[in-house]
Amino acid sequence: MPDKPLRILVVDDNHDNAEIVRNYLESTNDFLVVVAYDGDEALRRFDESRPDLVLLDVMMPGRDGWEVCRAMKSDPAHAARTRIIMLTARDQLSDRRVALQSGADDFLEKPLDLSKLLTAVRRNAATLRHPPTRPDGPASPASPASPTSPASPASPASPASPASPPAQA
């Protein structure tokens, strides 16, 4: 992982899910995690903490994840330095399309398999450190998670250690 911890903003209106993700990511000692529980709080925390990566729930009361993602990506100076991974319980191709059209860089389905979440976070962190370049233009976003690989069912396990069996959030 990078020399300095990656700053992550976790946005989920389900407090339990947000805390499971926070605890799991913090247990690796590679990440500094801030949590927001709705879209307005997410935008405030985004402006305050300037995270490197945002884990953003789609379905929230008030501002949904699509709107929050568009707002976060509307700041051109910061948008290129922030990766957004959309999280949703809806596994539909149209949701993936909307996520990418909203400016998201990646997409994961709920219930979350924490090992897959960590893989996605690390993949997006690597893209921040070494952005892919195209010969004819700017960096391109990382490929979203494969639409054919649904989250594997796993028994709820303690998220205390990254080496623990995959758990769902």
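**Figure 1. Lining of the second largest pocket in the predicted model.** In this predicted model, β1 (6-11) and α6 (114-129) each supply at least two residues of the lining of the second largest pocket. The largest contribution comes from α6, with three residues. In total, 11 residues line the second largest pocket, and K4, L6, R7, D52 and L128 lie nearest its centre. By class, this lining divides into five nonpolar, one polar and five charged residues. The space in the second largest pocket amounts to about 190 Å³.

**Figure 2. Surroundings of T82.** T82 is located in the loop between α4 (76-79) and β4 (83-88). With a relative accessible area of 2%, T82 falls under the 20% limit and is therefore buried. Leaving aside residues up to four places away in sequence, T82 touches F46, P51, D52, V54, K73, D105 and L128. Two of these contact partners, D52 and L128, are also among the residues that lie nearest the centre of the second largest pocket.

**Figure 3. Helix α2 and its packing.** Helix α2 spans residues 39-49, and its buried residues are G39, E41, A42, L43 and F46. An α-helix has 3.6 residues a turn, so residues three or four places apart point the same way.

Figure 4. At the start of α2, a side-chain oxygen of D38 reaches to within 3.1 Å of the backbone nitrogen of D40. After the helix comes R50, whose phi is positive, near 45 degrees.

**Figure 5. The protein chain as a whole, as context for the close-up views.** The secondary structure of the protein chain consists of six helices and five strands. Along the sequence, these elements follow the pattern β-α-β-α-β-α-α-β-α-β-α. Of the 169 residues in the protein chain, 43% are buried. Among contacts between residues at least 6 apart in sequence, 66% join residues at least 24 apart. The accessible surface of the protein chain is about 8300 Å², and 54% of this area belongs to carbon and sulfur atoms.

Methods:
Residues numbered from 1 in each chain as written. Predicted model: local features only at pLDDT ≥ 70, side-chain atom pairs only at ≥ 80, totals over all residues. Heavy atoms only, no water. 1 Å grid on protein atoms, 1.4 Å probe; cavity = no way out; pocket = protein on both sides within 12 Å on 5 of 7 lines; lining within 4 Å. Points joined across faces, edges and corners; volume = space filled by probe spheres on them. Helix = DSSP H or I, 4+ residues; strand = E, 2+ residues; numbered from the N terminus. Nonpolar A, V, L, I, M, F, W, Y, C, P; charged D, E, K, R; others polar. Buried < 20%, exposed > 50% of the residue type's maximum accessible area, 1.4 Å probe, protein only. Contact = heavy atoms within 4.5 Å. Areas by Shrake-Rupley, 256 points an atom, 1.4 Å probe, with all protein chains shown as cover. Polar contact = N/O pair within 3.5 Å; in protein donor to acceptor, adjacent residues only side chain to side chain.
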